[in-house]
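Here is a walk through a two-chain model, starting with the overall dimensions and working down to single residues. Keep the viewer open as you read.

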Amino acid sequence: MMERRKQLPFPHRTSRRPLWQSALLYAIVIFWCFIVLFPFYWLATTSVKRPIDVSRGPNYIPYIDFQPIPDHWEEMFGTQRESTERHFRNSLVSAAGSTVLSVIIGAMAGYGLSRFKYYWGRLGWDNDNIAFWIISQRFLPPAIFIVPFVLLYNAFHLIDTYGGLIIAYTMFNIPFAVWIMRDFFNSLPVDLEESARVDGATRWGAFMRIVLPLSAPGLVAVAIFSFIFAWNEYLFALMLTNFNAITMPVLIAGQNNTRGIEWWFISALTLMAVVPVIIIGLLLERFITRGLTAGAVKG
Amino acid sequence: MSNTREDKLMKRVFLSPAVIILLSLSVFPLLWSLGISFTDMQRGGSTTARQAAAAGITDGVGFLGLGFELTGRNYERLLGDGRLHSTVRNTMIYVFVGVTIQYLIGLGLATVLNQPFRGRNIVRVIFLMPMVMTPVAAAYTGRMFFDSNPLRSPLADFLRDFGKLIGLERGISAPWFTDIAWAPIAILIIDAWQWIPFMTLILLAGMQAIPEDIYEAARVDGANALQIFLRVTVPILLPISMTVILIRGLEIFKIIDVVVVTTGGGPGSATESLTLYIFEQALSNGNYGYASAIAYVLLILVIIFATLFLMAGRRLAGGGRE
């Protein structure tokens, strides 16, 4: 009997649930899925509507309420191609660059804080204090960096460069990267490294060849968060770029002023900016949940 | 194994890059902007330097010849700045109302997702989607929905029909972004739409970590579902709830993108956030000194919020368990 129950998809709880509860459950789930998905649907349909169908609507269903046209997508990849490509590339380069740096630097510091004992004598700080100081940097309001960053970036000619954006995003991503990686390494047994070191591996060799491959899930989580943060970031991209390095969010936000509100074109552009992160989210949801709960669940 | 010479070196190698970056790009700018907040620095020099240049003096101007003057005027100016006061109020509303809504709905949805049902894994992935969306994009989408013209916005269309259905002659119509009372609500909804998933996912993970026998014991004692939720689930989730509320609260203090895209701070300054105001003072007006002083107001608010919250959390956790 026990054997059979285990093979049922949902043991014991489903059978107890009255019908009205199941109905309510599904109603809430479907309602919320609708709330989440409908805006995406609306973006997608708006991007293939004629301007007249956008302003004299609302038109919900393609081919019935309105005749879809590919014009805005063609414009985005046709006359606007140079701009679309440049901004997309800017986003990609600055997000990818800062992701690589954040993962490397975060993994190193996380490993250090997990395996060595630090003591900063003058401050009286041990590992926990240092880790707390690092994560606290993540929660400083970015507004406080506006003036110093503008002055600093002007002095070092970093305004409107990939390097400038990559440096800024790496700085913002490091605290979270260190936090997740430290948590991850803490849960990783030291035996493997120790036996590798008995066999003559250096500390660095053991880190690179034994520890890192075992921490792939943690590294992926850090990479996802860093990438999504940098991809979506608006304030610093707006502040530190003016033409060459402008990223997608700044381009989209600026549609307001430069062309008047062309919802159809903005929708296409918005989808373009959102697709990469949504794909990452859908494919790698497990890692995201894991990364989010690192530390948070344990308290 | 950790006392060899190699280890002493490696210990530094591992931690140094992160610490050096944070010291030079976070701690140093933080202190620097505190310094700037006590000067009359502006874009392209300072008031002192400009006056001196106009008088034909180029060398040794200002404090130690650095070209600016030390002053406490920025902080005096804070007190009489009505626009600052309204941005502080708006930011506080975003933080406190926003966090409350997001937490309550997030907790409800986590409870739902904690039940076993067919398709739960797919639903969890769908629930996550708004969270990864670019905030600027979410804000534009929100702007389409909160258009009060029912010819353009599906939401206005729905509200009109729904209003008629419940017997209102002309339906329900809200002047979202043009009204000082409605505009903050629209912004709160957009931010909530985007970040409820964050609450949901973390609270769900917390719920799934609660062992089944605790529930079993409560059922044996004759507790009903509501009692179990209020007396078992909620108290156990208290520490993790405090964490998510704190994280979201601190994040909302930074809000700017949604405001810029939807209302630009208007009507008037009814929706302007502190971060947006600081940005405008620094980059549109070039008032570096004053912008830094306001940024320190924001920092102090954030520190007060976090400290009070951690203290309250410690007291609640202590009273609940020990």
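What follows covers the chains, their contact, the core, the domains and a few individual residues.

This is a predicted model, so local features are given only at pLDDT of at least 70 and side-chain atom pairs only at pLDDT 80 or more, while totals for chains, interfaces and linings use all residues. Residues are numbered from 1 along each chain as its sequence is written, and chains are lettered from A and ligands numbered from 1 in the order in which they are written.

**The two chains**

Let's start with the dimensions of each chain.

| Chain | C-alpha span along principal axes | Source |
|---|---|---|
| Chain A | about 75 × 70 × 35 Å | C-alpha trace |
| Chain B | about 85 × 75 × 35 Å | C-alpha trace |

Chain A holds 16 helices and 2 strands, and chain B has 14 helices and 2 strands. Both counts rest on DSSP runs numbered from the N terminus, with helices being H or I over at least four residues and strands being E over at least two.

How does the radius of gyration of chain A sit against that of a compact globule of 299 residues? The globule would come out near 19 Å, but chain A has 25 Å. For chain B, a compact globule of 322 residues would be near 20 Å, but the chain has 26 Å. The radius is taken over C-alpha atoms, and the globule rule is 2.2 Å times the number of residues to the power 0.38.

As for burial, 44% of the 299 residues of chain A count as buried, and in chain B buried residues make up 40% of the 322. A residue is buried if 20 or more other C-beta atoms lie within 10 Å of its own, exposed if 12 or fewer, and partly exposed in between, with C-beta atoms placed from the backbone.

Contacts (C-beta atoms, placed from the backbone, within 7 Å) can be split by sequence separation. In chain A, among contacts between residues at least 6 apart in sequence, 76% join residues at least 24 apart. In chain B, residues 24 or more positions apart account for 66% of the contacts with a separation of 6 or more.

**Where the chains meet**

The contact takes 77 residues from chain A and 76 residues from chain B. On the chain B side, helix 1 (residues 5-36) gives the largest share, 17 residues. By class, that side of chain B has 57 nonpolar, 11 polar and 8 charged residues. Here Ala, Val, Leu, Ile, Met, Phe, Trp, Tyr, Cys and Pro count as nonpolar, Asp, Glu, Lys and Arg as charged, and the others, Gly among them, as polar.

**The core**

Which members of the largest nonpolar core touch the most other members? Of its 161 residues, they are A:Ile146, A:Ile252 and B:Ile278. Helix 9 (residues 162-186) of chain A supplies the largest share of this core, 16 residues. A nonpolar core is a set of buried Ala, Val, Leu, Ile, Met, Phe, Trp, Tyr and Cys residues joined through C-beta atoms within 7 Å.

Leaving aside residues up to four places away in sequence, A:Ile252 touches A:Ile266, A:Leu269, A:Thr270 and A:Ala273, along with B:Val136, B:Ala137 and B:Tyr140.

Helix 12 (residues 216-232) of chain A is worth a look too. Of its 17 residues, 13 are buried, so this helix is largely enclosed by the rest of the structure.

**Domains of chain A**

An automatic or database assignment gives chain A domain 1 (29-69) and domain 2 (84-293). Their C-alpha centres lie 34 Å apart, and 7 residues of domain 1 are in contact with 6 residues of domain 2. On the domain 1 side, helix 3 (19-46) and helix 4 (51-55) each give two or more residues, with the largest share, 3 residues, from helix 3.

**Single residues**

A:Tyr63 has a positive phi of about 75° although it is not a glycine. A:Tyr63 is in the loop between helix 4 and helix 5 (71-77) of chain A, and counts as exposed because it has 7 C-beta neighbours inside 10 Å.

A:His157, also not a glycine, has a positive phi near 55°. A:His157 lies in the loop between helix 8 (146-155) and helix 9 of chain A and, with 10 C-beta neighbours inside 10 Å, counts as exposed.

Conventions:
Contact = placed C-beta atoms within 7 Å.
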